[in-house]
Amino acid sequence: MSSPNKTLPGWIDIGLIPLINIALAFLVSGFVIWLIGEDPIEAVKIMINGAFGYDEALGYTLYYTTNFIFTGLAVAVAFHASLFNIGGEGQAYIGGLGVGLLCLLLDQYVPLWVILPLAIIASGLFGAAWAYVPAYLQAYRGSHIVITTIMFNFIAAALMNYLLVNVLIARGSGSPESRVFEETAWLPFMHEIFAWFGAEITRSPLNLSIVLAGFASIFVWFFIWHTRWGYAIRMLGHNENAAQYSGIDTKRVIIGTMCLSGALASFVGINEIMGVHHRILLEFTAGYGFTGIAVSLMGRNHPVGIIIASLLFGALYQGGAELAFEIPTIQKEMITTIQGLVILFCGALAFMIRPTLERIFSNFTQENKTAVVE
Amino acid sequence: MDDFFLLSLSTLDSTLRLSTPLILCAMAGIFSERSGIIDIGLEGKLLAGAFAAAAMAAYSGSAMLGLIAAIITSISMALLHGFACITHKGNQVVSGLAINILASGLTVTFGIAWFHQGGQTPNLSGDARFSPITFPGAEMIREIPFFGPIYTELLSGHNLLVYVAFLAVPLTWWVLYKTRFGLRLRAVGENPQAVDTAGISVTFLRYRAVICAGILCGIAGAYLSTAHNAAFGREMSAGQGYIALAAMIFGKWRPVPGLLACLLFGFLNALAFRLEGVSVPGIGQIPVQLMQSLPYVLTVILLAGFIGKAIAPKAIGRPYVKER
């Protein structure tokens, strides 16, 4: 995205401005809660307790976090190439289809350690394929990636709806879901893994895919900042013409970046389909793809920031569910509202407070200078 | 044959009703995007407008007050969009997305707090809704073959906002192509520097453009909740803002082709309802999902340059920075 000019020291740019923006987003969220006649402080208390207060809550928080890491990384990788991938939702949906099909195909024949790597590959391929078409159209036919990825979200939803209602539906089932996989295709839950080592933790949907999320974060960090492909992506993001003149095949980089982005988003399918639901079902993506945009903006497109932002959103989702339970007037849509405000303040209004800070800072340094001269 | 005539007439009738919000939103998009501001936020403004209209109509019992509330709400969201991307030069896509997500969160949050019906508003009836308008003489000429049914069934008997939508198209055309404001609006979407050099404020022009978009989306929202339906339901815009966006692109950012695209998409939708569970001779059953996704597929094919070429306004998406 646009890089700010260097008139402010790094710590203000990277540290202070995002913090102020997030604070503003939460302040306005609190205002909304106050507006509907509830106590924001009380809400925050319930939320924090609901997200971290006990083992099960923490498990749920981390389970949501896993999804947000995947979609956040997906958006961030595309952002580095100055591409805006709104299609994470559709890519995750189709990725889940890939995972599910593979599990349905193999679960009766081979053990988990064969299925898992194949499922990761299938997921990545399906997600990447769903991102490939918009990427190709952007690179070679000049159509705008934002519009095409939006369209592809809707097409994915229609396709999945058709497949589940007409093709994949389990025999004799009333709801549009595939059959439940055999247990060989179930990703182990964290409480099961801990049990193998004799440690006991509370049951929660948290599963092995959080480890995959960790690897994905490290991979993205290494890939973007320490490989020539990452360099090409960042150069394309900063200045397409310069990238082209320096011999980078920008069209191929656009396609490659989008495919990587689609593959990362698709891993939501591993967590949801293989890890939790153990069958293909409608709308398991539940808006995680869109939340990825907020996560990426908040985490400033860096894996470390994304992990922190994902944790925050995981806590918001889980704490929000608790909140909906405790205070019936605050439902999960309040979390949607907070998400919208985060996108607004950390994304669209990211540079709003910059001029003010610049003025304060330059006044401050000038005073110092005059003081030294005197 | 007569049956077929009546059946196609009723399909066209529902085409008109289904394309009304699309037309209004597509015209809104044209105003905004021709001035250089990408408007992903059509969906959000539509949804917020629908909620405001239903809430106000439920509270006051007047559909007109509902309409006004919808327009005000939608304009304020448009101004927020303008504040982010015109004044603060933020990313227009991000801002539009924020507006959509905010709308889908806030409408239900306030809905629950105010009406305690899980995000729905109370059912509206009587004056709280826009009722059908019967054209003069509609009953009299019903019996005349061919023209009678067309006049009575197809043209007459819609509510006010349907006609407003169809009037919005020539109005948009007239404003864009025949007024000084329209000329400047189009110029600012192509070459803001030139407009600025002529001593006209780019900022003020673009703000006026997004306000126009806000007004139209507000009307569309009021149509959804107080005319087409009788209450607000969560996520009731159901992606129609995005279909309107697609229709606007399909119409290459022009009012009349945009109208045709909206009618086409509305027709596909009406046909999908009609064909649900019906076996078409020679083809068999057409999956309803195929019909639903056709607007998006067609738009992608268009954008790929296989049906003519869709060229966006030149300065679209780029915030204008005055030289220092």
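Analyst: Start with the elements. Chain A has 16 helices and zero strands. Chain B has 12 helices and four strands. This is a predicted model.

User: What makes chain B as compact as a globular protein of that length?

Analyst: Set the value against the rule. The globule rule gives 20 Å for 324 residues, and the radius of gyration of chain B is 20 Å, so chain B is as compact as a globular protein of that length. Its C-alpha trace spans about 70 × 50 × 40 Å along the principal axes.

User: How do you know that chain A agrees with a compact globule?

Analyst: By the same kind of test. For 374 residues, a compact globule would have a radius of gyration near 21 Å; chain A has 22 Å, which agrees. Along the principal axes, its C-alpha atoms fill a box of roughly 85 × 55 × 40 Å.

User: What share of the residues counts as buried in chain A, and what share in chain B?

Analyst: A residue needs 20 or more other C-beta atoms within 10 Å of its own to be called buried. In chain A, 51% of the 374 residues count as buried. In chain B, buried residues make up 52% of the 324.

User: Why is a set of residues called a nonpolar core?

Analyst: Because its members are buried Ala, Val, Leu, Ile, Met, Phe, Trp, Tyr or Cys residues, joined through C-beta atoms within 7 Å. The largest one here has 224 residues. Those with the most contacts inside it include A:Ile343, B:Leu24 and B:Cys25.

User: Which residues is A:Ile343 in contact with, leaving aside its neighbours within four places in sequence?

Analyst: Among them are A:Ile293, A:Ala294 and A:Leu297 from chain A. From chain B come B:Val94, B:Leu97, B:Ala98 and B:Ile101.

User: How do you know that the span of helix α5 of chain A agrees with its length?

Analyst: The helix covers residues 112-140, which is 29 residues. At 1.5 Å a residue these should span 42 Å; the end C-alpha atoms are 40 Å apart, which agrees. α5(A) also bends by about 30° at A:Tyr132. A proline, A:Pro134, follows within four residues. After the helix comes A:Gly142, with a positive phi near 70°.

User: What confidence does the predictor give chain B, and what scores does the complex get?

Analyst: Chain B has a mean pLDDT of 88, and 98% of its residues reach 70 or more. For the complex, the predictor gives an ipTM of 0.89 and a pTM of 0.89.

Technical notes:
Residues are numbered from 1 along each chain as its sequence is written. Chains are lettered from A and ligands numbered from 1 in the order in which they are written. This is a predicted model: local features need pLDDT of at least 70, side-chain atom pairs count only at pLDDT 80 or more; totals for chains, interfaces and linings use all residues. A residue is buried if 20 or more other C-beta atoms lie within 10 Å of its own, exposed if 12 or fewer, and partly exposed in between; C-beta atoms are placed from the backbone. Two residues are in contact if their C-beta atoms, placed from the backbone, lie within 7 Å. pLDDT is the predictor's confidence in each residue, from 0 to 100. Helices (H or I, at least four residues) and strands (E, at least two) are DSSP runs, numbered from the N terminus. The expected span of a helix is 1.5 Å times one less than its number of residues. The bend at a residue is the angle between axes fitted to the seven residues ending there and the seven starting there. The radius of gyration is taken over C-alpha atoms; the globule rule is 2.2 Å times the number of residues to the power 0.38.
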